[in-house]
Amino acid sequence: MEGNHEVPEACMGVVSNIGETVFENPEIGLRITVWETVHPSVNIFYRTFKVTNTSNKPKHLRLFSNQNYRILETKIGETAVIDKHTLIHYKRDRYFLHASDPAFDQYAVGTAEWRGLEGTWRDMESDASLSGNPVAHGSVDSTLGWTLPELKPGESTRLHYWIVLGKKYCSVLQVHKQEKEAGRKTLFHHSFNFWNSFIERVSVLPEYSRMPQLPQSVLKCFYRSLLAVVAHMDITGSIIASCDSDIKQFGADLYTYCWPRDAAWICLALDRARYHHLTFETFEFFSKTITPRGNFLHKYTPAGDFGSTWHPVPMIQIDETGLPLYALYNNWEIAKSVWTTGRYYRRLVIPTANYLIKAIDTKTGLPISSFDLWEERKGIHTYSACTVYAGLKGAYELSRSLGDYDNVNIWKEAADLIRKSILEKLYDNRLQRFRRSLDDPTLDSSIFAVWYFGILPPDDPRIIRTMEAIECELKRSSGGIARYLHDTYFGYMNSWIICTLWLSQWHSAVGNLDRALELLKWCAAHAHPTGLLSEQIDDRGNPVSVLPLAWSHSTYVLAVLEYLQALEKKEGSFCNCPEK
């Protein structure tokens, strides 16, 4: 990318959502470097190609781009049309304008995936020449082509390409014209400066003064995680679990849904990093998707509709109600915003807290049976019980702070009952650790929740024995931590980023900072070359399953800040104030 930028040394290489990818084929002597970004405020995607001849002979090349959309999720009723030096795909109120500098000199629009016709990319593959057909409708695709100038050995050339999205034909043409007049570098500069300014907010954190003590790999992964989390947020306040388009979960579904659980964890991280204005939007989303009963369902589309599910009726996964309530309390603890808390007290706190009280089993003193956080089995789970306790305790604290004394004692008594039952019925004296659930003694990394949500302090002997068992029995050959014994999801006992980070957080909490940092470095070392964190890592060290996973990134943000807080506590604060 051309141009010089002033970048804080601590943030070098991670301060923007500008991606760089390099493709190289030594056999044919070509290297293609791709830079791409999305404008922070205008619906435009920008990509620059740098094509380099790495052979010892001159080359004559053509570059092609194929477009095959499913606008509004189907291939039915779409149109693709060439309009002067632009290509536009549209259906109803969805328009995608494609243009470039230099302009394409070849094009083809045609039928794809219909009655045996595969698409215009076949035209490209057959003879590297396109038909020039300017319009097609129905199930369509398109291909654009550029004849590059002759490249002598070592020479390179660049192609700038952009896609404008909008709801009207004239609006995408207008944005295209404005961006073309602004110049090639402007959009990259806008994106770079926007995200650089975005992460500067971290400088208000008490832990910021300790950040130079972090290894560069950890620091880069921290900033990349912060950006990755925000990139998964919608303007509606929903937060999708992942934007991965390759993963096909359970046959033919994606991760592009908002799980209230994942979204609540991300709120915890964003509030911890002082991005309260973003969590406010997610609480608004929660307030619009909560059921009349006061609970949340399995997952939602970004628009707030009920998403696909594999949970049978009544589709209860109770941690997905306890965690949003706890997240709102956490926001109050950090931000002390009466505006936010007051706005959502009656819309979220009262209905969710009252629902959770009704969901307590009078025989066990624990929440009723529901699916676990892994969404695999029903039962009365330790993790779920801890999140319900945390939500009710948070509701009690909020009611006390806001003067709602009618609910103070009710919610406090319910929280105390659950805590007492967790300690009495979910701790296994024979195993000397906490169980996964009331009827299942399996060792599960999610039982970290007992200390994380405040049922016991992290240095309590019962917690120490539990966390040491997790580290001993769930540690994998790659160095990460598995979900639970004999897990077979996407492979046998793969390491999970979040589970590895939970262990790091515990080591920070008890002052084992070398081990906490070692686990942070392990996660950073196993990030994808783009800096993104996957859901899992196999024993060979390869990313597995969904990539990126927003939950992995939000947990990394929390783990780094908790490590720095523990470092401050251990080493003591230092003051740069001038002497009086």
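What follows is a short chat about a predicted model.

Visitor: What kind of model is this?
Guide: It is a predicted model.

Visitor: How many salt bridges does the structure hold?
Guide: The structure holds 32 salt bridges.

Visitor: Take arginine 436. Which residue does it form a salt bridge with?
Guide: Aspartate 440 is the partner of arginine 436, and the closest N and O atoms are 2.8 Å apart.

Visitor: Is arginine 436 buried or exposed?
Guide: Arginine 436 is buried, at 7% relative accessibility. Aspartate 440 also counts as buried, at 16%.

Visitor: And which residue pairs with arginine 462?
Guide: Arginine 462 forms a salt bridge with aspartate 460, with 3.0 Å between the closest N and O atoms. Here arginine 462 is partly exposed, with a relative accessible area of 27%, whereas aspartate 460 is buried at 13%.

Visitor: Where do aspartate 539 and arginine 476 lie?
Guide: Aspartate 539 is in the loop between strand 17 (536–537) and strand 18 (543–544), and arginine 476 is in the loop between helix 12 (461–473) and strand 16 (495–496), so the pair ties together parts that are 63 residues apart in sequence. Aspartate 539 is partly exposed at 33% relative accessibility, while arginine 476 is buried at 17%.

Visitor: Which residues do salt bridges with shared partners join into one network?
Guide: Asp372, Glu376, Arg377, Arg483 and Asp487 are joined that way.

Visitor: Changing topic. In the largest nonpolar core, which residues touch the most other members?
Guide: Trp265, Phe434, Phe453 and Tyr556 do, in a core of 137 residues. Helix 15 (residues 550–571) gives the largest share of this core, 12 residues.

Visitor: What is phenylalanine 434 in contact with, leaving aside neighbours within four places in sequence?
Guide: Its contacts are Ile422, Leu423, Leu426, Tyr427, Ile447, Val450, Leu456, Arg462, Ile463 and Thr466. Arg462 is the residue that forms the salt bridge with aspartate 460.

Visitor: And the second, separate core, how many residues is that?
Guide: That core has 23 residues, including Val34, Phe96, Val140 and Ile163.

Visitor: On to helix packing. At what angle do helix 7 and helix 8 pack?
Guide: Helix 7 (residues 319–335) and helix 8 (residues 338–358) pack at about 150 degrees, and their axes are 10 Å apart. The two are therefore roughly antiparallel, and their crossing is left-handed.

Visitor: Which residues in helix 7 meet helix 8?
Guide: Thr321, Gly322, Leu325, Leu328, Asn331 and Trp332 of helix 7 meet residues of helix 8, among them Val338, Tyr344, Leu348 and Leu356.

Visitor: Tyrosine 344, then. Buried or exposed?
Guide: Tyrosine 344 is buried, with a relative accessible area of 0%. Not counting residues up to four places away in sequence, tyrosine 344 touches Phe280, Phe283, Glu284, Ser287, Leu328 and Val349. Phenylalanine 280 is 64 residues from tyrosine 344 in sequence, and the two are 9.6 Å apart in space, C-alpha to C-alpha.

Visitor: And lysine 358, buried or exposed?
Guide: Lysine 358 lies in helix 8 and is exposed, with a relative accessible area of 71%.

Visitor: At roughly what angle do the axes of helix 4 and helix 14 cross?
Guide: The axes of helix 4 (residues 216–231) and helix 14 (residues 513–525) cross at roughly 65 degrees and come within 9 Å. That makes helix 4 roughly perpendicular to helix 14. Ser217, Val218 and Cys221 of helix 4 make the contact with Leu517, Leu520, Lys521 and Ala524 of helix 14.

Visitor: Backbone now. Which residue does a cis peptide bond join to proline 314?
Guide: Valine 313, with omega about 15 degrees. Proline 314 is in the loop between helix 6 (276–289) and helix 7. The bond from leucine 547 to proline 548 is also cis, with omega near 0 degrees, and proline 548 lies in the loop between strand 18 and helix 15.

Visitor: What is phi of arginine 274?
Guide: Phi of arginine 274 is near 75 degrees, which is positive in a residue other than glycine. Arginine 274 lies in the loop between helix 5 (260–272) and helix 6. Glutamine 432, not a glycine, has a positive phi of about 60 degrees.

Conventions: Residues numbered from 1 in each chain as written. Predicted model: local features only at pLDDT ≥ 70, side-chain atom pairs only at ≥ 80, totals over all residues. Heavy atoms only, no water. Salt bridge = Lys/Arg side-chain N within 4 Å of Asp/Glu carboxyl O. Buried < 20%, exposed > 50% of the residue type's maximum accessible area, 1.4 Å probe, protein only. Helix = DSSP H or I, 4+ residues; strand = E, 2+ residues; numbered from the N terminus. Core = buried A, V, L, I, M, F, W, Y, C linked by side-chain atoms within 4.5 Å. Contact = heavy atoms within 4.5 Å. Axes fitted to C-alpha atoms, helices over the stretch in contact; angles between N-to-C directions. Parallel < 35°, antiparallel > 145°, perpendicular 65-115°, else oblique. Left-handed = near helix turned anticlockwise from the far one by under 90°.
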